[in-house]
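Subject: Structure handover and findings

Hello,

Here is the structure you are taking over. My notes on what was found in it follow below.

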Amino acid sequence: MRVCFRSSVKPARIPEYRRRHAAVWPEMLRELKAAGWNNYSLFLADDGLLVGYVECDDFDAARARMALSEVNSRWQAEMALLFEGNAQAPDQGFVQLTEIFNLEDQLSTANASEGNHQPQKEQS
């Protein structure tokens, strides 16, 4: 499944957020991968809007596995100071967005549909 989510970094803390994500702890990277986080990217706007994208089999299961991880607990504790509304761990505050369009899915559907309706040749 493809998952997109948003959160918000405190604008004054954006440089620190960028610095920390330029060199994420190797043990954190390995734990994310082991928990099923694939093709994971974060995008940050100048106003602090953070958008994440991840591919996984089951997002809830991937998040639950990370919640059990000691390295994730340490990472989230450090990151909490950088986020707006830090009453909870940053990864618990993600607001999941609904996917409404995917090019590959629609192309696949269109190609399959066109394959079932081959145009007839004109008679001369």
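**Helix 3 and its surroundings**

The buried residues of helix 3 pack against strand 1, helix 2 (26-34), strand 3 (49-55), helix 4 (70-80) and strand 4 (95-97). Please keep in mind that this is a predicted model. The buried residues in question are F59, A62, R63 and M66. Looking down the axis of helix 3, these buried residues stay within an arc of 95°, so they line one face of the helix. In general, an α-helix has 3.6 residues a turn, so residues three or four places apart point the same way. The N-terminal end of helix 3 is capped by D58, which places a side-chain oxygen 3.0 Å from the backbone nitrogen of D60.

**Helix 1**

I14, Y17 and R20 are its buried residues. Seen down the axis of helix 1, they fall within an arc of 130°, so they too line one face of the helix. P15, R19 and A22 are exposed on the other side of helix 1. The cover over the buried residues of helix 1 includes strand 2, strand 3 and helix 4.

R20 may be worth a look in your viewer. The residue sits in helix 1 (residues 14-22) and has a relative accessible area of 18%. The cut-off for buried is under 20%, so R20 counts as buried. The side chains of R20 and E16 are joined by a polar contact of 2.5 Å. Leaving out residues up to four places away in sequence, R20 touches W75, E78, M79 and L82.

**Aromatic pairs**

How many aromatic pairs does the structure hold? There are seven aromatic pairs. In the pair of F5 and Y40, the ring centres are 6.4 Å apart and the planes are at 40°, so the pair is tilted. F5 lies in strand 1 (residues 2-8) and Y40 in strand 2 (residues 38-44), so this pair ties together parts that are 35 residues apart in sequence. F5 is buried, at 0% relative accessibility, whereas Y40 is partly exposed, at 28%.

F5 also forms an aromatic pair with F59; this one is stacked, with 6.3 Å centre to centre and 20° between the planes. Because F5 lies in strand 1 and F59 in helix 3 (residues 59-67), the pair ties together parts that are 54 residues apart in sequence. Both F5 and F59 are buried. One aromatic cluster is formed by F5, W37, Y40, F59 and F94.

As a general point, in soluble globular proteins nonpolar side chains tend to be buried together. Here the largest nonpolar core has 22 residues, and Y17, M28, W37, F59 and F83 touch the most other members. At least two residues of this core come from each of strand 1, helix 1, helix 2, strand 3, helix 3 and helix 4. One of the residues named above, F83, is in contact with S7, S8, V9, K10, Y17, L50 and P90, leaving aside its neighbours within four places in sequence.

**Cysteines**

The structure holds zero disulfides. C4 is in no disulfide, and the nearest cysteine sulfur, that of C56, is 12 Å away. C4 is partly exposed, with a relative accessible area of 25%, while C56 is buried at 5%.

**Two asparagines**

N39 is in strand 2. Its phi is near 50°, a positive value in a residue other than glycine. Most residues other than glycine have a negative phi. With a relative accessible area of 47%, N39 is partly exposed.

N102 is in the loop between strand 4 and helix 5 (103-116). Is N102 buried or exposed? N102 counts as buried, at 14% relative accessibility. The side chain of N102 reaches the backbone nitrogen of E104 at 3.1 Å.

Regards

Methods: Residues are numbered from 1 along each chain as its sequence is written. This is a predicted model: local features need pLDDT of at least 70, side-chain atom pairs count only at pLDDT 80 or more; totals for chains, interfaces and linings use all residues. Side-chain values use heavy atoms; hydrogens and water are left out. Helices (H or I, at least four residues) and strands (E, at least two) are DSSP runs, numbered from the N terminus. Buried means under 20% relative accessible area, exposed over 50%, partly exposed in between (1.4 Å probe, protein chains only). A polar contact is a pair of N or O atoms within 3.5 Å; within protein, one must be able to donate a hydrogen and the other to accept it, and residues adjacent in sequence count only if both atoms are side-chain atoms. Contact means heavy atoms within 4.5 Å. A disulfide is a pair of cysteine sulfur atoms within 2.5 Å. Rings of Phe, Tyr and Trp (its six-membered ring) pair if their centres lie within 6.5 Å; planes under 30 degrees apart count as stacked, over 60 as edge-to-face and the rest as tilted. The arc is that of the directions from the helix axis to the C-beta atoms. A nonpolar core is a set of buried Ala, Val, Leu, Ile, Met, Phe, Trp, Tyr and Cys residues joined through side-chain atoms within 4.5 Å.
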